[in-house]
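Dear colleague,

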Amino acid sequence: MTPDKYIKNYINGALIPASSGDYIDNINPAAGKVYSHLPDSDAEDVQIAVEAAERAFPEWSKMGAQKRFRILNRVADIIEQNLESFAHAESVDSGKPVAMSRSVDIPRAHDNIQFFATAIIHYASEAHHMEGTAFNFTLRQPIGVVGCISPWNLPLYLFTWKIAPALAAGNTVVAKPSEITPMTAYMLSKACSEAGMPPGVLNVVHGLGPKVGQAIVEHPKVKAISFTGGTNTGKKIAAIAAPMFKKLSLELGGKNPNIIFEDCDFDQMIVDTLRSSFSNNGQICLCGSRIYIQRSIYEKFKDEFVKRTQFLKVGDPFSSVTDLGSLVSKAHKEKVMSCLALAEVEGGKILCGGKSLEMKGEIKEGYFLSPAVIEGLPPNCRTNQEEIFGPVVTITPFDTEEEALEMANGTNYGLSATVWTKDVAKANRMAEKLQAGIVWVNCWLLRDLRTPFGGMKSSGVGREGGLEALRFFTEAKNVCQKY
Ligand code: NDP
């Protein structure tokens, strides 16, 4: 399976251009060059896709979970068989190291589809018996046509995290991947055709968020929206979808705290903290960007962490020695650099990194930045409050558990938090009080797909993962039968 120069929409089972015939440039961020083009679709394309999805719904929703399982499982198999070409395409599109695409993004996309394909054949509705009087059973029926909109940071991984449960539950889907990283969603369209997915079951419409994404959200026949992206975009989507009474799942931004106590396993913590800070250049919603360290080990942590950060190799995503590739786009690199400038204005000291890097050869025009560690900032400054979503962390000492908790909870976000301690009671106290949808203790990014996933406060509404996703993509209907 090879990527094409001209990406197509996937509507009603056919690969077609946008109805306008226009294309948008797709950039390889490590090279800083246009390498392919994607359809510049609009509301007309969304309309055709919604009509196709509506036509496909009766057959898909009624064919039975076993048949849907077989088709989705074939899609998962095709991804697995083409792992190398999917991984290559993901890295060209996003600038992330191919080792990461190969070991994280694409295997997880495969797992998402396989997980929900399998889950639906084990999914059962509930029954509640009112002794001697009646019994209730709760039907969980697919909603109809649903919209799935995903971001650029984990392109196929997050795209499949939405469409797999939607399709498994019997819905038909109109989906939009990020315009910045469209290639693997296009390759997935081809995999769906090859797997024998009936036309119109999955429709992928490429293009710009405010044009295509918004048209999906506004369409009256799209009954539910599952969105992952920035908090401001989430607000706009909610403002449109809420008055239309659409079901809404919003997975939004984060400003995740990483709390390190003096009694932690230092060696394990330092390895995982480097990962949780800079994996994918910090462009993972779950990265820990505010690191709080107990004062007694602050200097030791700082020395070791800065040393290891400086040792990270930034460069060609296709080199086996690369730890960090390029940032995803020129605009995003500029945004991260403006955040670094702000941190200095706010009184922060950049201990290492934060420099634009000049590369040689094919990647000399790429968007590279050295990972930055900043200290000396108060908890309430903008750098410690606003999402940067780049290779930038702040480090701050704390004295007591209460102080760490107050700083950790002191933002509008509440996606994830990490706690490092060997004291189980302390870990449990922290986990109970942290305002975050996901708390990791002595680990990071360890995921069981059956568990709920999502954020509190401005990090989102609703939960994905396991049964939560199947509940979101189904309508519960209780039937009460008297004896
Ligand atoms: P955006 O919010 O800019 O975009 C997300 C998706 O929404 C893209 O497909 C985008 O299209 C589309 N979009 C943009 N505007 C609209 C609109 N008005 N109506 C409908 N759709 C629209 O986020 P990014 O792509 O920049 O992703 C980074 C953000 O995602 C970060 O804030 C990060 O924290 C968050 N995120 C959250 C996760 C979570 O699970 N909570 C996981 C991963 C990321 P286009 O690309 O064309 O603009």
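The model is a predicted one, in which local features need pLDDT of at least 70 and side-chain atom pairs count only at pLDDT 80 or more, whereas totals for chains, interfaces and linings use all residues. Residues are numbered from 1 along each chain as its sequence is written, and side-chain values use heavy atoms, with hydrogens and water left out.

Strands β5 and β6 run antiparallel and are joined by four bridges. Helices (H or I, at least four residues) and strands (E, at least two) are DSSP runs, numbered from the N terminus; two strands pair if DSSP finds at least two bridges between them. The hairpin formed by β5 and β6 has three residues between the strands, and G132 in its turn has a positive phi of about 75 degrees.

On β22, strand β6 (residues 134–142) finds an antiparallel partner over nine bridges; R140 has A476 of β22 as its bridge partner. Together the three strands make an open antiparallel sheet in the order β5-β6-β22. Both β5 (127–130) and β22 (474–482) are edge strands with a single partner strand each, so one side of each is left without a neighbour in the sheet. On average, neighbouring strands here are turned by 20 degrees against each other, direction ignored; the axes are lines fitted to C-alpha atoms, for helices over the stretch in contact, and angles run from 0 to 180 degrees between N-to-C directions.

**The seven-stranded sheet**

A second open sheet has seven strands in the order β14-β15-β16-β13-β12-β18-β19, with mixed pairing. Its edge strands are β14 (349–352) and β19 (438–441), each of which pairs on one side only.

**Aromatic rings**

The whole structure holds 11 aromatic pairs. Rings of Phe, Tyr and Trp (its six-membered ring) pair if their centres lie within 6.5 Å; planes under 30 degrees apart count as stacked, over 60 as edge-to-face and the rest as tilted. The ring centres of F472 and F473 are 4.9 Å apart and the planes stand at 80 degrees, so this pair is edge-to-face. F472 counts as buried at 12% relative accessibility, as does F473 at 3%; buried means under 20% relative accessible area, exposed over 50% and partly exposed in between (1.4 Å probe, protein chains only).

K247 lies over the face of F472, at 5.4 Å from the ring centre, and K300 lies over the face of F266, at 4.1 Å. A charge sits over a ring if NZ of Lys or CZ of Arg is within 6 Å of the ring centre and within 35 degrees of the ring normal. Elsewhere, ring pairs link F115, F116, W161 and F453 into a cluster.

**Helix α11**

The buried residues of α11 are H332, K333, V336, C339, L340 and A343. Seen down the helix axis, they fall within an arc of 115 degrees, so they line one face of α11; the arc is that of the directions from the helix axis to the C-beta atoms. Exposed residues A331, E344 and V345 are carried on the face turned away from the buried side.

With kind regards
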